[in-house]
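Here is a short briefing to read alongside the model. Please have the sequence and the coordinates open as you go.

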Amino acid sequence: MLLPVELANQTLYEQDYYLWLRTTINQLRAGQFSSVDLENLIEELETMGRSQKRAMESLLIRLLEHLLKLKYWDSERERNEGHWKGEIRTFRRQIKKELKDSPSLKPYILEIFEECYEEARKEASDRSQLPLDTFPINPIGSLEQVLDDNWFVG
């Protein structure tokens, strides 16, 4: 059974997310911990962590995909090289910013690196319509190399 405060918070969370967020922040700042809607706060924090991981995974796949296209899609290189290099720079910058803001994601990105590479191979194959075996099975570089602005695209 929900207490009136919990019921009010539940309703606020469901009816006006932004107001719920501002209210929760104000309650925390004021030390009104017993008034905080802990259930939804915990859920939101867990969701934030999952979202950050998904974003990192997506950025890494896109970075690897563009590196593969740049290296192996010969027929389109001349026309798309500038665009691909720009995308590579952007994805590197975004990944580095995420890692700077959340260094604890480094083990996670290392853990998913090979899986992301495999997804990038598939994406590059789909977009280029080149056979999947055009792109090496093993990653074309280490995580450190892939994130290095001077590696490969110079």
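This is a predicted model: local features need pLDDT of at least 70, side-chain atom pairs count only at pLDDT 80 or more; totals for chains, interfaces and linings use all residues.

Residues are numbered from 1 along each chain as its sequence is written, and side-chain values use heavy atoms, with hydrogens and water left out. The protein chain has six helices and zero strands (helices are DSSP runs of H or I with at least four residues, strands are runs of E with at least two, and both are numbered from the N terminus).

**Overall shape and surface**
- The radius of gyration of the protein chain is 22 Å, whereas a compact globule of 154 residues would come near 15 Å (taken over C-alpha atoms; the globule rule is 2.2 Å times the number of residues to the power 0.38).
- Along the principal axes, the C-alpha trace spans about 65 × 30 × 25 Å.
- Of the 154 residues, 34% are buried (under 20% relative accessible area, with a 1.4 Å probe and protein chains only).

**Helix 3 and E65**
- E65 sits in helix 3, which covers residues 38-72.
- E65 is buried, with a relative accessible area of 0%.
- Beyond its neighbours within four places in sequence, E65 contacts A120, E123, A124 and R127.

**Helix 4**
- Helix 4 (residues 74-101) bends by about 80 degrees at N80 (the angle between axes fitted to the seven residues ending there and the seven starting there).
- Its buried residues are E76, W84, I88, F91, R92, I95 and L99.
- Cover for these buried residues includes helix 3, helix 5 (106-128) and helix 6 (143-147).

**Helix 5**
- Helix 5 has a kink of about 50 degrees centred on F113, and F113 is among the buried residues of this helix.
- Other buried residues in helix 5 include Y108, I112, C116, Y117, A120 and A124.
- Helix 3, helix 4 and helix 6 are among the elements covering the buried residues of helix 5.
- Q129 follows helix 5 and has a positive phi, near 60 degrees.

Notes: Buried means under 20% relative accessible area, exposed over 50%, partly exposed in between (1.4 Å probe, protein chains only). Contact means heavy atoms within 4.5 Å.
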